[in-house]
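Trainee: Before I rely on the terms used for this structure, may I ask what stands behind each of them?

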Amino acid sequence: MQDISSQTHTACEECDLLIAVPAVAEGERAECPRCGHTLTQRPRQGFERSLSFALAACVFFAISLAFPFLTLANGGIENVMTLPEASIAIWREQDPVLAVIVFLAIIALPIALIGTIIALVTPLVLNKQAAWLPGVGKLMFGLNDWAMVDVFVIGTIVSLVKIAKLATVILGLSFWAYILFAICLTASLSGLDRLQVWKAIDAATP
Amino acid sequence: MNYPANTAAARGLALCHVCGHLDKVELHECSRCGGGLHLRKTDSLQRTLALLVTAVILYIPANVLPIMNTVQLGKGEPATILGGVVLLINLGSYPIAAVIFIASVMVPVAKLMALFYLVWNGYRKVPASGIQCTKIYRLTELVGKWSMVDVFVVAILVALIHLTGLLVILPGPAAVAFAGVVVSTILAAHAFDTRLIWDRMKEDND
């Protein structure tokens with residue numbers, strides 16, 4: 001039996017085929033020969049890119065919280081809606097569970113996700129050691145599935161069409177900022193491959 | 001259980017659930033991040049099935065009860081998910097009607113059916129091809145969160161349309177039930193282990 005260790009081998013997450021990890025250069029991708037699952041990929045300047053997009057996403061998110069999201073105008077009456085109000089209004093209408101789900105999916109978890117990306121990637125880019133990297137890494141990959149920023153953008157567009165017949169809707173600065181936030185968050189996450197991130201965390205944990 | 005010889009499990013090696021590190025399963029805890037080590041996700045089929053049944057049960061109120069209630073000049077007009085699609089068709093907004101129909105009706109049903117099919121294959125003595133099941137699984141993971149679109153549309157309409165006395169939109173009980181369907185199917189997809197299907201395949205027809 002040949003020598004098999006985590007240094008030389010990995011298993012496919014989806015079909016459990018034991019595979020000798022190939023050396024993956026920047027811009028390359030390795031997939032499982034049996035089921036085609038992407039084992040790992042290394043985007044060019046992945047970590048640097050992730051960090052810059054995460055910082056940009058932070059700025060856009062701050063803007064989208066501070067300004068009007070949509071404004072409804074109907075015969076002289078104006079109704080301004082901010083981003084957090086998507087959740088607060090439901091809370092006021094006695095549906096706390098739904099309000100919490102919406103708040104988590106579009107505000108709280110995306111903020112936490114951006115925060116963990118920055119906390120994780122900054123030391124990796126600067127070649128610094130940090131004891132909290134494994135904890136932050138776990139949190140980041142766990143949050144990944146539950147932030148629904150992109151879905152919310154589509155939901156907003158659908159709502160606009162539904163309202164268009166009833167009243168005039170003015171798109172606020174926050175609306176545009178949230179779209180840019182969604183794009184930056186997606187771009188930031190695309191630079192983070194699980195295998196590569198954990199390899200880097202391993203090397204940077206004292 | 002005998003695992004096929006080309007798998008990591010056959011050598012007593014498991015991927016950490018959290019960080020994907022390949023480790024000896026008898027350690028029980030990952031030597032890199034402390035996450036759990038199991039050859040296969042524990043009670044995968046039972047858990048997936050339980051979450052699917054939950055989703056099916058929630059799916060009934062999600063479609064029968066109104067998702068929102070439009071109150072115009074004191075007169076309420078509740079609308080179900082399908083009612084909303086019909087309304088959009090009557091308004092002539094065909095692309096948006098298609099988005100809502102696909103995201104809120106087709107995707108959840110297709111996803112439930114796909115996951116039931118996968119669980120059934122997990123129990124069968126001779127399952128369908130591993131590659132086919134793995135592809136179906138990847139699709140269910142990919143589309144999972146997009147069904148939340150309708151819930152976000154409700155959130156935005158409730159927050160934005162609040163012209164007291166003239167026109168108010170209130171969330172209906174179906175909204176939270178539908179969010180529950182989405183969350184439980186995402187959890188069901190997480191609980192499912194595609195490797196169980198590969199384990200039952202003969203090695204010579206990999």
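The dialogue below sets computed values against the definitions of the terms.

Mentor: Please note first that this is a predicted model, in which local features need pLDDT of at least 70, side-chain atom pairs count only at pLDDT 80 or more, and totals for chains, interfaces and linings use all residues. Residues are numbered from 1 along each chain as its sequence is written, while chains are lettered from A and ligands numbered from 1 in the order in which they are written.

Trainee: Why is Asp43(B) called exposed?

Mentor: A residue is exposed if 12 or fewer other C-beta atoms, placed from the backbone, lie within 10 Å of its own, buried if 20 or more do, and partly exposed in between. Asp43(B) has 12 C-beta neighbours inside 10 Å, and therefore counts as exposed. Asp43(B) lies in the loop between strand E2 (22-24) and H1 of chain B, and has a positive phi of about 50° although it is not a glycine.

Trainee: Why is Gln45(A) called partly exposed?

Mentor: Gln45(A) has 14 other C-beta atoms within 10 Å, so it is partly exposed. Its place is in the loop between strand E4 (38-42) and helix H1 (46-66) of chain A; helices (H or I, at least four residues) and strands (E, at least two) are DSSP runs, numbered from the N terminus. Phi of Gln45(A) is also positive, near 45°, in a residue other than glycine.

Trainee: What makes the buried residues of H2(B) lie on the same side of the helix?

Mentor: In helix H2 (residues 81-91) of chain B, the residues Ile81(B), Gly84(B), Val85(B) and Leu88(B) are buried. They cover an arc of only 100° around the axis, and therefore sit on the same side of H2(B); the arc is that of the directions from the helix axis to the C-beta atoms. An α-helix has 3.6 residues a turn, so residues three or four places apart point the same way. The buried residues of H2(B) pack against helix H1 (44-64), strand E4 (75-79), helix H3 (94-123), helix H5 (149-160) and helix H6 (173-191) of chain B. Just after H2(B), Gly92(B) takes a positive phi of about 90°.

Trainee: How do you know that strands E3 and E4 of chain B are paired?

Mentor: Two strands pair if DSSP finds at least two bridges between them. Five bridges join strand E3 (residues 68-72) of chain B to E4(B), and the two run antiparallel.

Trainee: Which residues of chain A are in contact with Ala155(B)?

Mentor: Two residues are in contact if their C-beta atoms, placed from the backbone, lie within 7 Å. Leaving aside its neighbours within four places in sequence, Ala155(B) is in contact with Ala86(A), Ser87(A), Ile90(A) and Val102(A).

Trainee: How many residues of chain A are in contact with chain B?

Mentor: 51 residues of chain A are in contact with 48 residues of chain B. H5(A) gives the most to the side of chain A that touches chain B, with 10 residues.
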